[in-house]
Amino acid sequence: MNDCRHLVLVLGDQLNADSAAFDGFDPAQDAVLMVEAREESTHVWSHKARTALFLSAMRHFADELTASGCRVIYRRLDDHGDATLADGWQAAVASMRPQLLICVEPGDWRVWQRLNAFSAASRVPLDLRSDRHFLCSRDEFAAWAGDSKSLRMEFFYRNMRRQHGVLMEGKEPVGGRWNFDAENRRGFGRDGPGFLPAPPQFPPDATTQAVMALVEREFAGHPGSLSNFNWPVTREQALVALQRFIEDRLPVFGPFQDAMWAGMPFGWHSLLSSSLNLKLLNPREVIAAAEAAWRERKLDLAGVEGFIRQVLGWREFIRGVYYLDMPALRDANHFRHANALPKWYWTGDTGMNCIRQCIGQTLEHGYAHHIQRLMVTGMFGVLAEISPQQLADWYLAVYVDAVDWVELPNTAGMALFANGGRFTSKPYVASGAYIKRMSNYCYGCRYRPDVRTGPDACPMTTLYWRFLIRHEREFAGNPRTALMVRNLARLGEDERTAIDVHGEQMLADLDRL
């Protein structure tokens with residue numbers, strides 16, 4: 001008898017056994033459905049490592065549910081070949097004839113709409129449950145945001161610190177300050193990063209190897225490599241990754257979290273975002289581990305606070321903004337940028353060494369840290385007037401930790417200023433001098449970061465000054481950017497014209513930079 005009472009739909013980024021989807025689950029009457037669908041790797045041109053991570057983690061989680069006594073219907077891509085999630089849902093509903101569908105709210109607006117449409121078409125009611133993985137619910141965030149047109153993470157973060165008692169002494173923040181960001185912006189200097197602890201190794205087991213073979217066969221033309229695949233695919237592995245970060249890299253994470261160096265893909269970063277976003281880790285345990293390390297081992301407060309702010313503050317804030325501002329956020333384009341994404345975003349084949357380094361490691365590992373995303377690939381995107389929608393799709397495609405709720409607000413709202421400053425006070429733009437200060441990428445590059453025009457001019461620098469010229473009036477009226485445009489006074493009309501002409505030439509042939 002295939003009939004079931006409740007059919008619990010588990011999506012690829014909902015791999016937590018304590019999910020609200022399992023509240024009231026009865027193994028004798030209910031079943032779990034998990035679907036591998038081709039569209040989830042093709043609606044954006046997904047990196048092979050991203051697809052492999054999701055599928056391997058899903059299969060491991062399904063095995064764990066089965067071992068715990070759950071009835072699991074798992075539709076593998078190599079068995080069923082479902083084109084879409086809805087195809088898999090429809091086949092299971094026709095077979096199981098459930099009375100009710102249960103699912104935790106999806107992290108992708110597109111999937112959310114598909115799920116509601118499927119429930120209506122199949123005439124099976126849908127119980128859509130709040131995702132309690134997060135410390136702040138959608139309703140709580142909406143209540144905090146109110147009718148404000150401008151939102152600031154800093155104030156939300158302070159509220160979360162108070163509410164959850166994180167890094168607090170009574171009603172005051174430990175150390176007397178809420179934010180130690182100013183202490184966390186050091187570059188490595190000429191000597192480079194020195195010794196870096198290696199991240200833990202997770203050799204692919206039989207399940208992961210089978211998935212990797214599937215990806216190479218079914219998505220052979222997709223970008224990226226699987227040769228260095230080393231991401232946690234189970235909760236057990238994710239806990240090991242957390243422990244190793246707390247012990248080995250958190251002590252030095254803070255001051256160098258923004259620093260970049262050629263051939264250094266990971267630095268002191270946690271590499272926990274994929275495990276958090278798949279929900280193999282709970283943010284509460286990550287925050288608690290970092291705070292305990294500070295209290296017990298007397299770690300540098302600035303570094304620990306900076307890490308906790310990313311999890312308790314920024315991650316929760318971004319998720320709230322996503323649900324609050326969708327679907328309009330998807331189409332946001334404050335500067336009306338429309339240039340096509342250069343082809344070398346998919347290959348790294350560009351003369352700009354900073355871009356080549358960041359995209360190269362992204363293709364190799366499916367990973368780049370926040371400054372590489374924000375101040376290299378993202379900053380070039382806004383300076384080069386690339387379509388926010390095309391660049392957002394690229395970010396969603398190439399990173400193993402990419403889920404729409406986190407990638408779209410970070411890309412459209414922060415990196416590209418496409419939503420006009422909804423939660424950022426200024427566009428994140430700078431010349432090549434910033435990259436030179438924070439990395440060694442400029443050494444050996446064919447371009448010079450201090451040159452604005454001519455064949456040796458750094459595209460970041462040329463396009464930065466062109467961007468200031470084009471938006472001088474808007475920037476002059478913003479206290480956070482007024483100093484930038486005041487620097488334009490040092491340029492004569494001839495130099496302004498030369499910058500504008502050279503910048504236009506670059507924009508006309510972005511693929512050849």
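Asp 393 is partly exposed, at 26% relative accessibility (buried means under 20% relative accessible area, exposed over 50%, and partly exposed in between, with a 1.4 Å probe and protein chains only). Its salt-bridge partner, Arg 330, is also partly exposed at 26%. The model you are looking at is predicted, so local features need pLDDT of at least 70 and side-chain atom pairs count only at pLDDT 80 or more, while totals for chains, interfaces and linings use all residues. Residues are numbered from 1 along each chain as its sequence is written, and side-chain values use heavy atoms, with hydrogens and water left out.

**Salt bridges**

- Side chains of opposite charge can pair when their charged atoms come close.
- The whole structure holds 39 salt bridges (a side-chain nitrogen of Lys or Arg within 4 Å of a carboxyl oxygen of Asp or Glu).
- Asp 393 and Arg 330 form one of them, at 2.6 Å from N to O. This pair links distant parts of the chain, with Asp 393 in helix 15 (residues 388-398) and Arg 330 in the loop between helix 12 and helix 13, 63 residues apart. Helices here are DSSP runs of H or I with at least four residues, strands are runs of E with at least two, and both are numbered from the N terminus.
- Glu 504 and Arg 466 meet at 2.4 Å, N to O. They too connect distant parts of the chain: Glu 504 sits in helix 21 (residues 493-508) and Arg 466 in helix 18 (residues 459-470), 38 residues apart.
- Within that pair, Glu 504 is partly exposed at 35%, whereas Arg 466 is buried at 1%.
- A network of salt bridges with shared partners joins Glu 36, Arg 59, Arg 76, Asp 78 and Asp 79.
- Arg 448 and Asp 450 make a salt bridge at 3.4 Å, N to O. Arg 448 is partly exposed, with a relative accessible area of 42%, and Asp 450 is exposed at 58%.

**Helix packing**

- Two packed helices are described by the angle between their axes and the distance between the axes.
- The axes of helix 9 (residues 235-253) and helix 12 come within 8 Å and cross at roughly 110°. Axes are lines fitted to C-alpha atoms, for helices over the stretch in contact, and angles run from 0 to 180 degrees between N-to-C directions.
- Helix 9 and helix 12 are therefore roughly perpendicular (65 to 115 degrees; under 35 counts as roughly parallel, over 145 as roughly antiparallel and the rest as oblique).
- Helix 9 brings Phe 245, Leu 250 and Phe 253 to the contact, and helix 12 brings Gly 303, Val 304, Gly 306, Phe 307 and Gln 310 (contact means heavy atoms within 4.5 Å).
- By class, these are five nonpolar, three polar and no charged residues. Ala, Val, Leu, Ile, Met, Phe, Trp, Tyr, Cys and Pro count as nonpolar, Asp, Glu, Lys and Arg as charged, and the others, Gly among them, as polar.

**Backbone features to look at**

- Most residues other than glycine have a negative phi, and most peptide bonds are trans.
- The bond from Met 326 to Pro 327 is cis, with omega near 5°. Pro 327 lies in the loop between helix 12 (301-325) and helix 13 (353-365).
- Arg 97 has a positive phi of about 50°. Arg 97 is in the loop between helix 4 (85-96) and strand 4 (100-104), and is exposed at 53%.
- Arg 123 has a positive phi near 60°. Arg 123 belongs to the loop between helix 5 (109-122) and strand 5 (126-129), and is exposed at 77%.
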